[in-house]
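Please consult the sequence and the structure shown below.

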Amino acid sequence: ARRGGLSKRRAAMDWSRIKRKPTSSKATPGVYVDLDDLIRIQFSSRDFSFKPQQPVSSVLSGRYGSRLRGRGLDFSELRRYLPGDDIRTMDWKVTARTRSPHVRVYTEEKDRAVLLLVDQRQNMFFGTRDRLKSVTAAELAALGAWRALAVGDRIGAVVFNDTDVVEFRPRRSRQTVMQILGEVVRQNHALAADRTVQSNPGQLNRVLERARILAPHDVLVITISDGFGTDATTERLSAGLVEHNDLLALLVHDPLRLDPRGPRMTVSDGSLQIDLDLSDRKVSDAIAEDYRNDQEQMAHFLRRLSAPLLMISNRGDPVDQVRRLLGVPGRR
């Protein structure tokens, strides 16, 4: 089917492979990420939180924020009831069995785990403004990793491209953060416009399946992706995750998809390609409508799960965008 002159073969046209001249990571900032830049992001991660208590202007406030659990309580011990103990902590089964009142004692959790799902597939190798989506995702991953470490949380990750899925179990150490960032850089630098690897839409669901194993309960799972490959299975797997965990989605996008007016462009998925005349209003409007429908579908199912969605653009500093959405003053 065709709409406004644009083929609806979205599975084939992933917007990742616009023909461009070969570039090097050193010559063109924003095309590839630099490990030193990811390390420096730690100094921008010290004064905001993903906890429920957020400023009114934060997207995590209100009903979205109430879904984020924060730290909870760990069971410590059973002991005999003492005058003044809260009756709500009474363990009635043990009391009945021993015929002596007992209460359950809890201690506050010392940490929680944060699991990053970082997309470095070929569809992320696209951008028309300050940086490519793959670079934006890498910087967001660094922000999340350093923030978790700064508050004493354990940090883990699943870093994936079209063929590889590399897992890091949550640990509280700078070494773990550096290992995660090193893998992000490795996969990021493997991307290229002339790669023959075809974008893999099913990889997103494979990663969500792995996340359910790595995040059994009380984990903050942060997805960092453009959402390529989202389908009914994605919704089912996400619903399974939020049964016992928190889910925060960072959706990386490029301004061209929202306003695709411009010159003629050639896009390809590695096996097929098509020329798009973006000066044709029917073509550009069809592209924009197609992307709006994708966004609305994703926002709808995340809203049903009470999972916050943060839209992060290639235009502007990703760290500043996150801070603004969370209601945190800008950096000085």
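This is a predicted model: local features need pLDDT of at least 70, side-chain atom pairs count only at pLDDT 80 or more; totals for chains, interfaces and linings use all residues.

Helices are DSSP runs of H or I with at least four residues, and strands are runs of E with at least two.

Contact means heavy atoms within 4.5 Å. On the α6 side, Leu-204, Asn-205, Leu-208, Glu-209, Ala-211 and Arg-212 meet residues of α7, including Leu-237 and Leu-241.

## Two loop residues

Asp-218, in the loop between α6 and β8 (219–225), has a positive phi near 55 degrees. Ser-306, in the loop between α9 (281–304) and β12 (309–313), has a phi near 55 degrees. Most residues other than glycine have a negative phi.

Asp-218 is partly exposed, with a relative accessible area of 33%, and Ser-306 is partly exposed at 23%. Buried means under 20% relative accessible area, exposed over 50%, and partly exposed in between, with a 1.4 Å probe and protein chains only.

## The whole chain

The protein chain has 10 helices and 12 strands. Of its 332 residues, 50% are buried.

## Basis of the values

Residues are numbered from 1 along each chain as its sequence is written. Local features need pLDDT of at least 70, side-chain atom pairs count only at pLDDT 80 or more, and totals for chains, interfaces and linings use all residues, while side-chain values use heavy atoms, with hydrogens and water left out.
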